[in-house]
Amino acid sequence: MSDNENEAEQTLDPEGVHWYVIHTYSGYENKVMQNLKHRIESMDMRNQIFRVVVPTEEEIEIKNGQRRTVQKKVFPGYVLVQMAMTDDSWYVVRNTPGVTSFVGMGTKPTPLADEEVRFILKQMEEEAPKVKVNYEIGQTVKITDGPFTDFEGVVDEIDEERGRVRVLVSFFGREAPVELDFLQVIRVIE
């Protein structure tokens, strides 16, 4: 279980504590999270800054005919921080390497609504990873497995829930729909 999953299981806001969003350089979210956690320990801010989360979700990526589960950032360039907003806690977070700013109106950070936080944390806990496909409806694909191996067809429908794709394949002068698993087709580079 990752740090994010452990953190997502904890309760939401104790009295006077809210979730804030900080903006970071894109691609540095995990580094900022580690830097901030280190600063919380070294500057003894555990009683003001409680949790630091990079919202991610699992996604299944299909590359070279292989399925891989990867962690995808839900909000690239952003990190969530649960904290009591004081001058000291603001200073520690704001001056963490990689943090560019707090998200909010003007100079005052705006806390996230409880419903938004619940939705984000629930989204992180979802069990079934999403399948990422690199083709769209109307694109030409090549079938790589099954009775229609090496046939080419046009994607007619994508069913992400079931991990299936319907391809219109032409054989014997007729077009017929063939339902396949995402792994059974690859995009044809035109």
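# Reading the sheets and surface of a predicted model

User: Where do I start, and what order do the strands take in the four-stranded open sheet?

Analyst: The order is β2-β5-β1-β6 in an open sheet of four strands, with antiparallel pairing. Strands of a sheet pair through backbone hydrogen bonds, either parallel or antiparallel. Two strands count as paired if DSSP finds at least two bridges between them. Helices (H or I, at least four residues) and strands (E, at least two) are DSSP runs, numbered from the N terminus. The edge strands are β2 (49–53) and β6 (99–102), and each pairs on one side only. Direction ignored, neighbouring strands of this sheet are turned by 30° against each other on average.

User: What should I know about the model and its numbering?

Analyst: This is a predicted model: local features need pLDDT of at least 70, side-chain atom pairs count only at pLDDT 80 or more, and totals for chains, interfaces and linings use all residues. Residues are numbered from 1 along each chain as its sequence is written, and side-chain values use heavy atoms, with hydrogens and water left out.

User: How many bridges join β1 to β5?

Analyst: Six bridges join β1 (residues 18–24) to β5 (residues 78–83), and the two run antiparallel. Take isoleucine 22: its bridge partner in β5 is valine 79.

User: Which helices pack on this sheet?

Analyst: Contact here means heavy atoms within 4.5 Å. Axes are lines fitted to C-alpha atoms, for helices over the stretch in contact, and angles run from 0 to 180 degrees between N-to-C directions. Helix α2 (residues 29–42) packs on the sheet and touches β1, β2, β5 and β6. The direction of α2 makes about 165° with that of β2. Helix α3 also lies across β1, β2, β5 and β6, running at about 145° to β6.

User: What order do the strands take in the five-stranded sheet?

Analyst: The order is β11-β10-β9-β8-β12, again an open sheet with antiparallel pairing. β11 (174–181) and β12 (185–187) stand at the edges with a single partner strand each, so one side of each is left without a neighbour in the sheet. The twist averages 45° from one strand to the next.

User: How do I follow β9 through its pairings?

Analyst: Go neighbour by neighbour. β8 (residues 140–143) and β9 (residues 152–159) pair over three bridges. Lysine 142 has glutamate 152 as its bridge partner in β9, and valine 141 stands opposite glycine 153. On to β10 (residues 164–171), which pairs with β9 over six bridges. Glycine 153 stands opposite valine 169 in β10. The hairpin of β9 and β10 has four residues between the strands, and glycine 163 there takes a positive phi near 70°.

User: Is glutamate 61 buried or exposed?

Analyst: Buried means under 20% relative accessible area, exposed over 50%, and partly exposed in between (1.4 Å probe, protein chains only). Glutamate 61 is buried, because its relative accessible area is 12%. This residue is found in strand β3 (residues 56–63). Its C-alpha atom is 9.9 Å from that of leucine 183, 122 residues apart along the chain.

User: And where is tyrosine 91 found?

Analyst: Tyrosine 91 is in helix α3 (residues 87–94). With a relative accessible area of 47%, tyrosine 91 is partly exposed.
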